[in-house]
Amino acid sequence: MRLFFFANIFMLFACQGPVQESNSSQKSSKLKVTEFKSELNKLDDFYLIDVRTPREFQAGAIEGAVNYNISDGTLEEKLKDLDQNKPVLVYCAVGGRSARAAKLLAEKGFQTVYDLKGGYNAWVASGK
């Protein structure tokens, strides 16, 4: 029981990160589940990127997502192949790694970046 408690606390803090502010030339926004789902439905041409580990991704993911793990450098490696003008929607387990990913994407020149607030856990909890 104690191990389970500490594992959950670790995951909570390991995935937390700063909220990325947006500036005039690059847009990075943290969206609630309903807003994120709305963008998925509204957009025609976009990237949906899950930045969790492959093991987490295989356990469940948002339909249509690609897995570019931020922790092992896969995300940064793949950025050179992506169109910076297409909107990017990113998520992780609870929001920390995707906040880092959103910051990285904005720094690399991606114009529109949406980060799922609460991550995949919030997505699942909302019944999506």
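Modeller: We will go through some salt bridges and then turn to one serine. This is a predicted model, in which local features need pLDDT of at least 70 and side-chain atom pairs count only at pLDDT 80 or more, while totals for chains, interfaces and linings use all residues. Residues are numbered from 1 along each chain as its sequence is written, and side-chain values use heavy atoms, with hydrogens and water left out.

Biologist: What counts as a salt bridge, and how many salt bridges are there by this rule?

Modeller: The term means a side-chain nitrogen of Lys or Arg within 4 Å of a carboxyl oxygen of Asp or Glu. By that rule there are six salt bridges. One of them joins Asp115 and Lys30, with the closest N and O atoms 2.8 Å apart. Asp115 lies in strand β5 (residues 112–116) and Lys30 in strand β1 (residues 27–31), so the pair ties together parts that are 85 residues apart in sequence. Strands (E, at least two residues) and helices (H or I, at least four) are DSSP runs, numbered from the N terminus.

Biologist: Where do Lys42 and Glu39 lie?

Modeller: Both are in helix α2 (residues 33–42), three residues apart, about one turn of the helix. Lys42 is exposed, at 54% relative accessibility, whereas Glu39 is buried at 11%.

Biologist: Which residue forms a salt bridge with Glu56?

Modeller: Arg97 does, and the closest N and O atoms are 2.8 Å apart. Glu56 belongs to helix α3 (residues 54–59) and Arg97 to helix α5 (residues 96–107), so this pair ties together parts 41 residues apart in sequence. Glu56 is buried at 18% relative accessibility, and Arg97 is buried at 8%.

Biologist: What is Ser98 in contact with, leaving aside its neighbours within four places in sequence?

Modeller: Contact means heavy atoms within 4.5 Å. With those neighbours left aside, Ser98 is in contact with Val51, Val90, Tyr91, Cys92, Asp115 and Leu116. Ser98 is found in helix α5 and counts as buried, at 0% relative accessibility. A polar atom of the Ser98 side chain lies 3.2 Å from the backbone oxygen of Gly95.

Notes. Buried < 20%, exposed > 50% of the residue type's maximum accessible area, 1.4 Å probe, protein only. Polar contact = N/O pair within 3.5 Å; in protein donor to acceptor, adjacent residues only side chain to side chain.
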